[in-house]
Amino acid sequence: MRDKVAAVFGQGFTAPAPHLSQVTPDSKELAADFDSPATMKAVWGTGTAVGLKRPMNCGIAKYDGVAIGAVRASGSTATVPVTLYEGAKAGAAEITVTVDPASGVIKGLKCGGAPEAADFPGIAPIAAYYGATASLNQSVLNDKTKSYFTPAFAAWSPVAMNYNALTCTQDVPDSWIVALTGTTSASSAWNFEPGPVTTLADPANPSGTSGTGFTASMAVDLGSAKISRITCQANPPVADPAQPGQYAANLLDYYRRAAEQASLGVDPKAAIQPYFVSDAAFTAAWGNSGAVPLLCAKTLPGSVQQTEDTTPTTSGSQTTVSMATWPDWHPGNPGQELSTFTVTLDTKTLKISSVTCAK
């Protein structure tokens with residue numbers, strides 16, 4: 001339900017964009033995020049111009065960052081705390097958004113006092129770093145005396161990438177949104193988006209990598225107040241019966257990204273196991289599919305793809321997809337694959353039935 005809150009505030013960024021284009025509000029997206037046109041008018045206002053003093057901003061003239069706290073559910077209603085940032089500086093008010101607990105649509109909001117630190121645990125290093133990226137504050141970004149990342153994460157790098165691992169984008173983003181997903185005594189976990197969030201799927205590509213909602217995640221070590229992990233494209237794809245091959249590739253690449261960050265505390269087994277038809281099927285596939293389980297590879301690949309010029313085949317209740325892994329993020333020439341294998345999916349649920357490595 002925080003996705004709709006994120007979508008609305010993401011549509012409303014008001015700080016000047018330093019190098020990319022300012023967000024153009026999407027009326028269709030906004031209409032899907034409120035429980036009624038009247039609520040939309042009361043919260044969003046009557047215009048869409050950049051810099052408009054919208055009621056939802058609670059008097060904060062400019063912002064390029066959004067932090068969303070944990071959902072507080074009570075009976076038939078739920079509320080979500082929000083604070084807005086300009087650079088690394090939080091706005092003067094904590095905004096309480098009321099949402100429908102079933103659909104997540106916004107039912108109203110109210111402006112409160114100063115943001116409560118307990119509502120946004122671990123936000124300081126996130127705001128400091130992404131506030132600097134959004135404003136292109138090079139004095140902060142280039143200050144080697146103050147790292148915003150734990151030593152383990154600072155030393156880590158992806159196997160292969162076509163994006164900046166710290167921002168999950170090719171270009172430095174002009175804005176950022178995070179939403180709290182969980183807190184322990186040692187760390188806080190967040191969903192992350194370097195820019196506006198959308199809640200409406202692209203009907204032409206429902207299993208595409210862009211997806212809806214938050215597409216990345218991160219964690220903050222509360223003891224050191226440093227970011228300990230950023231996982232780009234961290235969420236599993238939406239099942240797409242019309243494109244089972246692309247869905248299988250997206251699903252296994254989601255698993256590959258989890259395996260890539262095992263040293264940073266991510267559990268790849270827990271990430272992929274729910275997408276098997278049964279625990280027995282998962283155990284069989286995990287134990288019989290190579291040094292890098294499920295990918296039939298000796299070393300962790302840079303990408304997973306449906307084999308070029310192949311088409312999934314269906315027999316009875318099973319659909320089989322021919323797959324390959326590659327050392328880089330982009331496939332190379334035939335013969336350069338790290339591994340080849342097949343994945344069998346239950347045709348109805350698109351859950352994985354088996355993984356068979358090529359001999």
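How many nonpolar, polar and charged residues does the lining of the largest cavity have? By class, there are 6 nonpolar, 2 polar and 2 charged residues in that lining. Ala, Val, Leu, Ile, Met, Phe, Trp, Tyr, Cys and Pro count as nonpolar, Asp, Glu, Lys and Arg as charged, and the others, Gly among them, as polar.

First, the ground rules. This is a predicted model: local features need pLDDT of at least 70, side-chain atom pairs count only at pLDDT 80 or more, and totals for chains, interfaces and linings use all residues. Residues are numbered from 1 along each chain as its sequence is written, and side-chain values use heavy atoms, with hydrogens and water left out.

Back to the cavity. Searching the whole structure finds 1 cavity of 30 Å³ or more. On a 1 Å grid over the protein atoms alone, a cavity is a set of points where a 1.4 Å probe fits but cannot get out; a pocket is an open set with protein on both sides within 12 Å along at least five of seven lines; lining residues have an atom within 4 Å of a point. The volume of the largest cavity is about 60 Å³. A volume is the space filled by probe spheres set on the points, which are joined across faces, edges and corners. Its lining includes W156, Y163, I230, R257 and E260. Helices (H or I, at least four residues) and strands (E, at least two) are DSSP runs, numbered from the N terminus.

Now turn to the second largest pocket, with a volume of about 320 Å³. It is lined by 19 residues, and the closest to its centre are S217, R229, T231, A234 and V266. Elements giving two or more residues to the lining are β8 (187–193), β9 (216–221), β10 (226–231) and α7 (244–260). The lining divides into 10 nonpolar, 7 polar and 2 charged residues. T231 also lines the largest cavity.

Next, the charges. The whole structure holds 6 salt bridges. A salt bridge is a side-chain nitrogen of Lys or Arg within 4 Å of a carboxyl oxygen of Asp or Glu. Buried means under 20% relative accessible area, exposed over 50%, and partly exposed in between (1.4 Å probe, protein chains only). Through shared partners, salt bridges join D253, R256, R257 and E260 into one network.

Another bridge pairs K4 with D33, their closest N and O atoms 3.5 Å apart. This pair links distant parts of the chain, with K4 in helix α1 (residues 2–11) and D33 in helix α2 (residues 27–33). K4 and D33 are both buried. E86 and K62 also pair up, at 3.3 Å between the closest N and O atoms. Here E86 is partly exposed at 38% relative accessible area, and K62 is partly exposed at 36%.

Finish at helix α9 (residues 279–287), where A281, F282 and A285 are buried. Seen down the axis, the buried residues fall within an arc of 100 degrees (taken from the directions from the helix axis to the C-beta atoms), so they line one face of the helix. The face turned away carries the exposed D279, A280, T283 and G287. Cover for the buried residues includes α8 (268–272) and β15 (352–357), with contact meaning heavy atoms within 4.5 Å.
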